[in-house]
Amino acid sequence: MNWLIDFFGNPDNWSGPGAIPVRLLEHLGFSAAALVLAALIGIPLGLLIGHTGKGSVIVVVSANLARALPTLGLLVLIVLLLGTASIWPVLIPLVALAVPPILVNTFEGIRGVDPELRDAAYGMGLRGPQVLFKVLVPVALPLVMLGLRLAAVQVVATAAVAAYVGLGGLGRYIIDGLATQDYESVVGGSVLIVGFALAVQGLFTLAQKVMVSPGVSQRLRVR
Amino acid sequence: MITFDSVTKRYPDGFVAVDDLSLEAETGQITVLVGPSGCGKTTTLRMINRMIDATEGQILLDGSDVRQIDPPTLRRGIGYVIQQAGLFPHRKIVDNVATVPYLLGWEKKKARDRAMELLERVGLDPKMAQRYPFQLSGGQQQRVGVARALAADPPVLLMDEPFSAVDPIVRTSLQEELLRLQAELNKTIVFVTHDIDEAIKLGDKVAVLRVGGKLAQFAAPKTLLSEPADDFVREFLGRDRGIRRLSFVSSSYLKLRTDLTVTSSSAAGPSDDAWLMVVSEDGKPVGWLDRDEPFGTYVHGKDSLRAALDAALLSSSGQAVALDESGRVVGVATRKALDEALSEAADG
Ligand SMILES: Nc1ncnc2c1ncn2[C@@H]1O[C@H](COP(=O)(O)OP(=O)(O)O)[C@@H](O)[C@H]1O
Ligand SMILES: [Mg+2]
C-alpha cells in the first residue's frame, strides 16, 4: 500500500515524458489503434461469413490460432524483422490478438439468429444486405459487442509489451521498475493497467446498454 | 388468381416433395392446403412467393409466371404469415407491422398510421404498439403477424399454420377474426394447416394432399364431407362426417311453427301433449309453459342446420326454438320439421 502512495505521490511521475498522463495516453493510443484495426478486419469478415455461411473454416482457424499464439514471441519476431523505428511491431501482435474474439463472436452472433426470423425477413421482401443489416446485426449485437469488449480488455492488458521494445505506455513502469528493482513503479504500473482495463470493460458494458435494442436484451418490464 | 400448372418440387437430395400439382386458388377466396405432416404443404406454399423455386411446371399469379418476377419485389406484394409469427425482436410492434411499407419507401408517418390502423383491425389494443414482441403473448404475436402481412394491402396472403402454436381457445378466436377480416377485405388467401377441422371451417375450397405431394382431392368443404374421393380422404376427414356436413346446410330450410308460442299474459290452457314456448312482452323466450325444463335456441337462417339440431337435442321437448338476429322468438322447429330438413339434406 505504501508503494502505491509513494508511486502516485512522487512528483517525478507527474511531469516529463514519463508522467502518468503521458504514459496513459500512449497506452490508450496503441490500444485504440489496435482495436479499431482488429474491428475493421474482424467485424466485416464475421458478418460476411456468418451471413453467407461460406468460409467458416477461417473462423475455426482464427479461434485456434488465438489460443496458440504467443503475443510476446510474435512481438520479438516482428521487431527482429521490422526494427523498432515504428509502432507496427507493437500493433501487429495486438491486432492479431484482438481479431479472433471479434471475428468469432460476430460470426456466432449472426449464425445464431433464429432461422425462422431470417426466413421471415426474406419472406417480407428484404434483400440479402437488408436482412443482414436491418435484422441480423441488431439481433446479434450483444455478441458483437461482447467480442469487442473481450478484445479491448485483452489488448489493454497486453499493450504493456510495448515497453519491451522501448516504446511507451504503462508497461514502461513495470519493465523499467523491474530493471531497476523499483517496486513502487512495478506495483503502480500494474494497478494503472488493471484500472484501465476495468474502465474499458465498464465503458463497453455501458455502450452495450445504449446500443442494443431493449427488445433484444429484454430489459424492459412488461408494462 | 393463383394457378399451379403441373408443378413439381424435387429437393437437391432427390426427394420429391410436391408431385405434378395442378390447382387454382380463386381470387377473393380462402384456399386451404391440408394434409398430414411432411406431405408438402409448406413447400407448395413457399413456391408461390419463391422462398422455394419449383423444379418443373409453372405458378401463375393473375396470369404472370412468378419466375419472371424478382423475388424481393414479388414478396413485397404478397403477405406472408408463419407459425411462430417471426416478428423482429429489436423493433417495436408498430414498426414490425410497418416493415413492408418502410421497404416500399412510404413516409414514416404514413407507414405508422397504417400500422396503427391495422393493429386495431386485427383486434389489438393500440397500447401494444409501443411494446416489443417479447412482451406479447403467442396469440397477440400471431395477430401482429397477420397485421404485418396486411400492412401494404397486398392482394394475396400466404399463411403457413399460423394458428397451430396457440392454445385451442385463442385459436378459435383467431380463426373467427380471420373470417371476419376476410369478409371485409376479400383477399386471395392460401392457408396451410394439418388440422382438417380448421380447413373445413376456413376454406372456401380445400386441397387435401397426401404424402409425396400428390393432390388427393380439391373441393368445397361440403363436397369433401359428402363425397370424399377415396379412402385416404375419408380417413383423413375422420368421424362424424354426416353431422359435420350439416354445418354447411342453412337452417332456413326448416319449416317453423308459429302456433306453438304463447305470450305470458295470454296463457291459454295447454293441450296435454304439445309443448308451448312462453314468450315475453319483448319477444324473448322465457320457457316451456307449465314445464320447468331446459330449451335450446338457434338463429334462424343464420345458423346452420347442425346448430338447429343441437338446439333441439338440448331441449327436453326435442324442439328447437328459432330466434331472429336480435334474439326474438320467430317460431319453433318441431321434430317433424327437423326430420324433413335432415332427409332433404341427405338427398343433397
Ligand atoms: N430442404 C429440403 N431438402 C430435402 N427435403 C426437404 C427439404 N425441405 C423439406 N423437405 C422434405 O419435403 C417434405 C415436405 O416438406 P414440407 O413441405 O415442409 O411438408 P409439410 O409442410 O406438409 O409438413 C418432407 O418430407 C420434408 O422432409
Ligand atoms: Mg409445414
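Predicted model: local features only at pLDDT ≥ 70, side-chain atom pairs only at ≥ 80, totals over all residues.
The lining as a whole is formed by I30(B), L179(B), I200(B), K201(B), L202(B), G203(B), D204(B), P221(B) and F248(B), and the space within the largest pocket amounts to about 230 Å³. When the lining residues are sorted by class, six are nonpolar, one is polar and two are charged.

The interface of chain B and chain A was examined in turn. Here 25 residues of chain B are in contact with 26 residues of chain A. The size of an interface is often given as the accessible area lost when the parts come together; for chain B and chain A the buried area is about 2300 Å², of which 60% lies on carbon and sulfur atoms.

Seven residue pairs are in polar contact across the interface, with both residues of each pair at pLDDT 80 or more. On the side of chain B that touches chain A, helix 2 (71-76) and helix 4 (99-103) of chain B each supply at least two residues, and the largest share, four residues, comes from helix 2 of chain B. The residues on this side of chain B comprise 11 nonpolar, seven polar and seven charged.

Conventions
Residues numbered from 1 in each chain as written. Chains lettered and ligands numbered in written order. Heavy atoms only, no water. 1 Å grid on protein atoms, 1.4 Å probe; cavity = no way out; pocket = protein on both sides within 12 Å on 5 of 7 lines; lining within 4 Å. Points joined across faces, edges and corners; volume = space filled by probe spheres on them. Nonpolar A, V, L, I, M, F, W, Y, C, P; charged D, E, K, R; others polar. Contact = heavy atoms within 4.5 Å. Buried area = accessible area lost by both parts, 1.4 Å probe. Polar contact = N/O pair within 3.5 Å; in protein donor to acceptor, adjacent residues only side chain to side chain.
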